[in-house]
Amino acid sequence: MSPNRPIIIGNVSGATGDRVDAMLNMLTGANPVDAIVGDWLSEMNIPWRVLEFFEDPEKGYELPFLDSFKLAAKDYVSKDIKIVVNAGASNPRGLAMEVQKVLDATPNAGKPKIVVWVEGDNVHRQCLNTPEKIVHLHNGTTLKDWGLSQISANAYIGAWGIVKALEEGADIVIAGRVTDASPVIGLAAWWHRWQYDDFDKLAHALAAGHLVECGPYVTGGNFPGFKQLLPNVSDLSHPIVEIFEDGTSIITKQPGQGGLVSVETVKTQFVYELQGPFYFNSDVVADFTNIMFMSDGPDRVRVSSVKGLPASPTLKVAVYALGGYQAEFSIYPVGLDIQEKVESVKIQTTSSVKDDLDKGLIDVLEFQLYGTVPEDPTSRQKATVQLRVFIQAKSAETVGRVARVAMSNCLSGYPGWTTNMDMRTARPKLFLELWPGLMPRSLTSQTVHFPDKSISVAEPIPLLKPSEVPKQPSYEPTSPVPLAKFGPTVRIPLGYIVYARSGDKGPNVNVGFFCAGRDEQAKWDWLRSFLTTAQLRCLLGDDNPETGRIERCEFPGIKAVHFVIHGVLGTGVASTSVLDALGKNVAEFLRARVVDVPMQFYDPRAKI
């Protein structure tokens with residue numbers, strides 16, 4: 001630990017299923033790192049691990065991390081590098097034991113590694129005992145009012161357990177549901193000996209953690225400008241962040257590995273999964289209103305101008321219950337009369353399951369059409385669209401019956417009725433439903449477990465009073481520039497000159513927009529004046545949630561406009577019927593919408 005230089009942290013995972021070779025690539029890259037972090041948890045896979053743990057108490061952790069660690073262990077054991085991850089999921093202790101087994105089987109001439117695990121996020125018992133104290137994140141109801149029986153509850157705990165583990169000599173820290181940025185915040189706070197009230201520094205580390213938590217999303221993955229990387233898209237480097245004593249940071253990557261770190265890639269990751277300018281973390285509230293990104297050389301972007309506030313008096317908690325069963329299958333109409341063909345499937349299916357519908361046994365029965373047939377198609381592939389039939393009900397028997405009945409109409413159906421030959425998705429499967437809430441901090445505390453001792457973690461974190469917790473602002477453009485002042489326009493897809501990224505947070509989808517290239521200030525004046533809430537609703541078209549709330553704000557330091565579209569994912573990714581369950585395609589859909597763009601901003605040779 002050296003406070004005279006920045007801590008250098010390499011990310012090796014942005015989600016479960018990320019590249020298994022990422023840790024090895026980070027360890028063998030040209031630039032050495034002081035620590036490794038990774039994010040393996042989300043609202044999507046936490047319920048998977050919960051069910052796994054119930055079936056086998058030795059499981060419930062993220063196997064992809066273990067696979068990655070096994071691949072890299074030989075190169076890791078000889079290095080003085082810390083590893084801090086949330087891959088413990090529902091069983092941090094079990095994963096810590098498996099990591100120790102890997103270390104025991106790996107030749108090591110150096111100092112033995114100390115593996116610890118952090119406890120405190122499992123608040124299932126607390127939520128069962130005091131449901132009246134758990135308040136829904138979005139609608140203000142309490143857990144006591146929920147109509148389902150919870151099977152798990154995890155609080156989003158903070159970084160000070162990680163800090164304590166590192167102070168006591170841990171080399172590998174296995175956590176469960178810490179916040180996504182907690183591993184980065186914990187490492188930086190430990191390295192620089194920050195205190196609980198170093199709000200600006202902690203908030204800057206939160207920004208750094210947010211930017212690298214999704215791995216290659218900040219080095220060219222999920223990037224609207226991906227075409228500039230083609231054909232070299234098969235070896236994107238995972239990101240590295242250098243965090244200085246004042247909290248400011250530089251986002252970079254391993255040289256010689258693929259990908260790109262630019263102001264544009266950093267901006268697109270920044271606007272991903274935000275809920276407004278205030279980012280509520282367990283250890284600090286970050287005010288991103290005036291955040292700045294500046295190029296610091298090739299593949300290096302400096303992050304600054306973040307303000308910190310004391311943390312909220314509550315912690316976020318994810319409560320899950322058995323939601324029921326679901327199934328889906330696809331039919332592929334071809335050629336002419338697509339709408340009539342879809343209508344015939346609806347009529348035949350709903351007629352066949354009328355009794356179930358009348359008795360209220362079916363919770364969801366949706367017929368979702370994807371794609372359109374071009375005029376005079378030149379192949380069957382071009383003439384084919386997808387009709388997705390999606391079913392949810394409380395009982396597996398009902399779901400299975402509806403699926404069988406729907407498919408039994410195939411010989412009575414429209415001309416050319418064709419389904420997948422593999423119908424495994426039509427078998428009923430259990431799904432869990434998410435209840436996102438806020439809980440008093442007093443209901444949980446952190447404990448760090450070493451092989452020979454356990455340490456309770458004191459967290460004297462300065463907290464805001466409930467009346468001081470900031471509200472996310474929502475506003476229309478201030479001093480908008482009349483669009484006519486930008487001169488003649490051309491009708492082109494918005495995405496020819498505008499970058500965007502979108503993602504999910506519970507039932508909501510957020511999306512952020514910004515321009516790049518020359519005339520940045522003029523483009524910013526146009527973008528913020530053009531992208532009103534009413535304009536976004538217009539661009540959403542048939543997807544506009546007519547009764548749903550949309551919040552809008554701006555980030556002037558990076559010249560971005562940001563929206564939160566409420567309620568479009570039902571109760572969240574774990575149970576939504578939406579095909580784009582993570583909301584990632586919303587931005588690309590909106591970029592494809594044709595709008596009037598000032599001709600002065602459009603160069604056909606330089607479109608994104």
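Strand E1 (residues 7-11) pairs with strand E8 in the antiparallel sense over four bridges. Strands here are DSSP runs of E of at least two residues, and helices are runs of H or I of at least four, numbered from the N terminus. Two strands count as paired if DSSP finds at least two bridges between them. The model is predicted, so local features need pLDDT of at least 70 and side-chain atom pairs count only at pLDDT 80 or more, while totals for chains, interfaces and linings use all residues. Residues are numbered from 1 along each chain as its sequence is written, and side-chain values use heavy atoms, with hydrogens and water left out.

Glu-242 stands opposite Ile-250 in E9. E8 and E9 form a hairpin with five residues between them. In the turn, Gly-247 has a positive phi of about 95°.

E8 (residues 239-243) is mostly covered, with five of its five residues buried. Buried means under 20% relative accessible area, exposed means over 50%, and partly exposed lies in between (1.4 Å probe, protein chains only). In a regular strand the side chains alternate between the two faces of the sheet. Both faces of E8 are covered. Pro-239, Val-241 and Ile-243 are buried on one side, and Ile-240 and Glu-242 on the other.

Helix H10 comprises 15 residues (338-352). At 1.5 Å a residue, the helix should span 21 Å, and its end C-alpha atoms are 21 Å apart, which agrees. The expected span is 1.5 Å times one less than the number of residues. Ile-338, Lys-341, Val-342, Val-345, Gln-348 and Thr-349 of H10 are buried. Seen down the helix axis, the buried residues fall within an arc of 130°, so they line one face of H10. The arc is that of the directions from the helix axis to the C-beta atoms. On the other side of H10, Gln-339 and Glu-340 are exposed. The cover over the buried residues includes strands E15 (314-331), E16 (362-370) and E17 (386-393), as well as helix H12 (396-407). Contact here means heavy atoms within 4.5 Å.

The structure holds zero disulfides, a disulfide being a pair of cysteine sulfur atoms within 2.5 Å. For Cys-538, the nearest cysteine sulfur is that of Cys-515, 18 Å away. Cys-538 is exposed, with a relative accessible area of 52%. Cys-127, at 1% relative accessibility, counts as buried.
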